[in-house]
Structures are given as structure tokens and as C-alpha cells.
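Have a look at the model first, and then we can go through the details together.

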Amino acid sequence: MPELPEVEALKDFLTEHLVGHEIVRVLPVAISVLKTYDPPVDALQGHRVTAVHRYGKFLDLETDGGPRLVTHLARAGWLHWKDPLPSGVPRPGKGPLALRVALETGAGFDLTEAGTQKRLAVYVVRDPQEVPGVSQLGPDPLADDFDEARFAALLEGERRQIKGALRDQSLIAGVGNAYSDEILHAAKMSPFKLAASLTPEDVTRLYEALRTTLSEAVERSRGIAAGRLKAEKKTGLRVHGRTGEPCPVCGDTIREVSFSDSSLQYCPTCQTGGKPLADRRLSRLLK
């Protein structure tokens, strides 16, 4: 799933390639991708893109007086820049293509989604706050005003495990499964530790890991073409997706806890005092 660093890089890429250009055609190939109907999707046509914004994991294309195109790539969605776009009209139901946006230059981008769980979402709105997922977002962890005191206030009274709290978009915007693993590894903290049990020293360590991990990932992704961002994300991950490999910090074997629709990875030596976590959904907390 694209998370804050990859979506930030896509924002920068699209700012360079879209701003100042006119949208001449928006073609939904998979109707299920459209989550709004007023304004209609063709209301974007004839308007120039004036800015690209990021809200958590959402991308927002602002136009000159027209509606805005807001996208959430979900778990298996991606954006593919094409110059030029293929000629002809794509046929619905053929392949992963969900939506195509064409510019006056002949270039543009495709939104695609792999797999059978169709969660890729496109909204055509007058204001991005009309999108429920945007209006309910918590603060951006890389914002200038997101200091340690604000982070501590968010966690105060949280009775969830810290892994789940970090992934809650209404608490903190933009962190998903992969980077929560990376942040907790950098903070040397169990993913099952209760957020409410964190000491002030724990909060400081976690805050620094959060900001550093995301900032470094953004810098690694900066300037990379959209098509290469997924591969770049994988190369920068230390524990997520690396079950069975040696921890790059201590050399212990990276372990995994599997759930019904996801998994987490961690290092026992760095994060759980050498104790492996039980690999089942109702694992007991290991402090």
C-alpha cells in the first residue's frame, strides 16, 4: 500500500508534470472507482491543473475554477504516468485499468488496481473536505507544528496497541502497515505494547523514530519517477516484508505475526527482549 512517503513523492512528481496543463479527458474504465457523481467526472475537462496536494494518503488535483480530483490508491492501486498515452479507448473489464486522465499534450496518467478487492477510490469534489476520509484525518506527522507535545497528547489515554494506534488515520495521517513496522523497529518497541503504557522516554523515542523514518523515506523517494517508487520503497525497508532475513541492526532473524488480511514484521532482539510474539490474532502483549 502506498503510504505517506510514496504519496508525497507522487505529489511532487505530478506537480512537475501536471501543473499548468489542461485536462482534456477523464475516462472511468471501472465505474466502481468513482465514489461521487456531483459534479460529474467530465466537469474536470477543459480545466488546467493549478496545484497538487497531499492529505495523508490522499492525492488532490486542484484546477482553475473547476472541481478537484481526489484519489486514494488503497492497498493495490497505483498511478502510471504515460507520455504519450495509448491511443484508442480502453475496454471496461479488461485488465487492472480503472481510470485514465489525458492532457492537451497527449501525455497523462492511468490509475490501476491489481487483485480482486476493489478499493481504489476517486472523488470529484468542489472541496477536498467533502471526502470523508480527508475530513476525518488526524495531523500530518511531518507538519512543522507536529511537535513531541502534540504527539504525546494524541497518545494520552490510548488503550490500543501502539501498532494499531500508529495506523489509525484519524489519529495520525499517512502511516500504514509497512512504515509502522519500520517506526517501531527504529524505536526498539514491541508492536503489541499498549500506547497508554508509554513512559515519557518511550514517547520521545517513538516520536523521533516516527519523524526520522518518514523523513528519510521521503528523501529517498524524492525525484524518483512514479513507476519506480514501489521498488524504491522496498529497498529502504529494514524489517517489513523481510521475514526470515537477518535484522540489519543486531543480526537476529526477523519474525512475523500473521493476521487474516495482513502481517507485521519485527526483530525479537531489538523490540521484544528476545521473546517471539505468538503468531495469532489474539497474541498476548509482550512488553
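**Helix pair and cavity**

Tyr179, Glu182, Ile183, Leu184 and Ala186 of α5 are in contact (heavy atoms within 4.5 Å) with Leu206, Ala209, Leu210, Thr213, Leu214, Ala217 and Arg220 of α6. This is a predicted model, where local features need pLDDT of at least 70, side-chain atom pairs count only at pLDDT 80 or more, and totals for chains, interfaces and linings use all residues. Residues are numbered from 1 along each chain as its sequence is written, and side-chain values use heavy atoms, leaving out hydrogens and water.

**The helices**

- By class, the contact of α5 with α6 has nine nonpolar, one polar and two charged residues (Ala, Val, Leu, Ile, Met, Phe, Trp, Tyr, Cys and Pro count as nonpolar, Asp, Glu, Lys and Arg as charged, the others, Gly among them, as polar).
- The axes of α5 (residues 177–186) and α6 (residues 200–221) come within 8 Å and cross at roughly 125°; axes are lines fitted to C-alpha atoms over the stretch in contact, with angles from 0 to 180 degrees between N-to-C directions.

**The cavity**

- Searching the whole structure turns up one cavity of 30 Å³ or more (points on a 1 Å grid where a 1.4 Å probe fits but cannot get out).
- The largest cavity is lined by Leu14, Leu59, Leu61, Thr71, Leu79, Phe109 and Leu111, lining residues having an atom within 4 Å of a point.
- Six of these lining residues are nonpolar, one is polar and none is charged.

Technical notes
On a 1 Å grid over the protein atoms alone, a cavity is a set of points where a 1.4 Å probe fits but cannot get out, and a pocket is an open set with protein on both sides within 12 Å along at least five of seven lines; lining residues have an atom within 4 Å of a point. Grid points are joined across faces, edges and corners, and a volume is the space filled by probe spheres set on the points. Helices (H or I, at least four residues) and strands (E, at least two) are DSSP runs, numbered from the N terminus.
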